[in-house]
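Please look through the sequence and the model below before reading on.

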Amino acid sequence: MKGRDERYPDYPLFKGLQRPLEFMGIQGRYIYWAVGSAGGAIVGFVIAYCLAGFVAGLVVLAVILSVGISLIILKQRKGLHTKKNRKGVYVYARSKKI
């Protein structure tokens with residue numbers, strides 16, 4: 001019986017470029033946003049269809065999907081690490097002990 005080292009030689013593995021996950025042009029955390037907006041649109045369609053009819057359901061579906069897509073596009077354009085960009089002049093005071 002051969003040893004484990006002979007059957008499975010060691011090879012260097014390439015583990016990727018440390019890039020975010022991408023699906024159909026949507027990157028990283030925005031994939032979850034897309035799934036949430038699609039799920040919310042379907043649930044909103046069902047609720048509006050039961051309460052007010054088919055046309056109202058389609059309107060709710062279109063509104064939720066368009067808002068979700070536009071938010072994803074606007075946020076993704078800024079990048080995956082979006083932060084609040086506060087404008088102004090800030091002075092950070094630090095006391096020095098001599």
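Alanine 62 is a residue of helix H3, which covers residues 54–78, and in this predicted model its relative accessibility of 44% places alanine 62 among the partly exposed residues. Glycine 44 stands 18 residues away from alanine 62 along the chain, and the C-alpha atoms of these two residues are 10.0 Å apart.

**The chain as a whole**

The protein chain is built from 3 helices and 2 strands, and, read from the N terminus, these elements follow one another in the order α-β-β-α-α. When contacts in the protein chain between residues at least 6 apart in sequence are considered, 52% of them join residues that are at least 24 apart.

**The aromatic rings**

A pair of aromatic rings is described by the distance of the centres and the angle of the planes. In this model the count comes to 4 aromatic pairs. One of them is formed by phenylalanine 45 and tyrosine 49, whose rings are stacked, with 5.9 Å from centre to centre and 15° between the planes. Why are phenylalanine 45 and tyrosine 49 separated by about one helical turn? Both belong to helix H2 (residues 30–51), and because they are 4 residues apart in that helix, about one helical turn lies between them.

Phenylalanine 45 also pairs with phenylalanine 54: the centres of these two rings are 6.1 Å apart and their planes meet at 85°, and since an angle over 60 degrees counts as edge-to-face, the pair is assigned to that class. Through such ring pairs, Phe45, Tyr49 and Phe54 are linked into a cluster.

| Residue | Relative accessible area | Class |
|---|---|---|
| Phenylalanine 45 | 22% | partly exposed |
| Tyrosine 49 | 44% | partly exposed |
| Phenylalanine 54 | 46% | partly exposed |
| Alanine 62 | 44% | partly exposed |

The class of phenylalanine 45 follows from its value of 22%, because buried means under 20% relative accessible area. Phenylalanine 54, at 46%, is likewise partly exposed, because exposed means over 50%.

Notes
Residues numbered from 1 in each chain as written. Predicted model: local features only at pLDDT ≥ 70, side-chain atom pairs only at ≥ 80, totals over all residues. Heavy atoms only, no water. Contact = heavy atoms within 4.5 Å. Phe/Tyr/Trp six-rings, centres within 6.5 Å; stacked < 30°, edge-to-face > 60°. Buried < 20%, exposed > 50% of the residue type's maximum accessible area, 1.4 Å probe, protein only.
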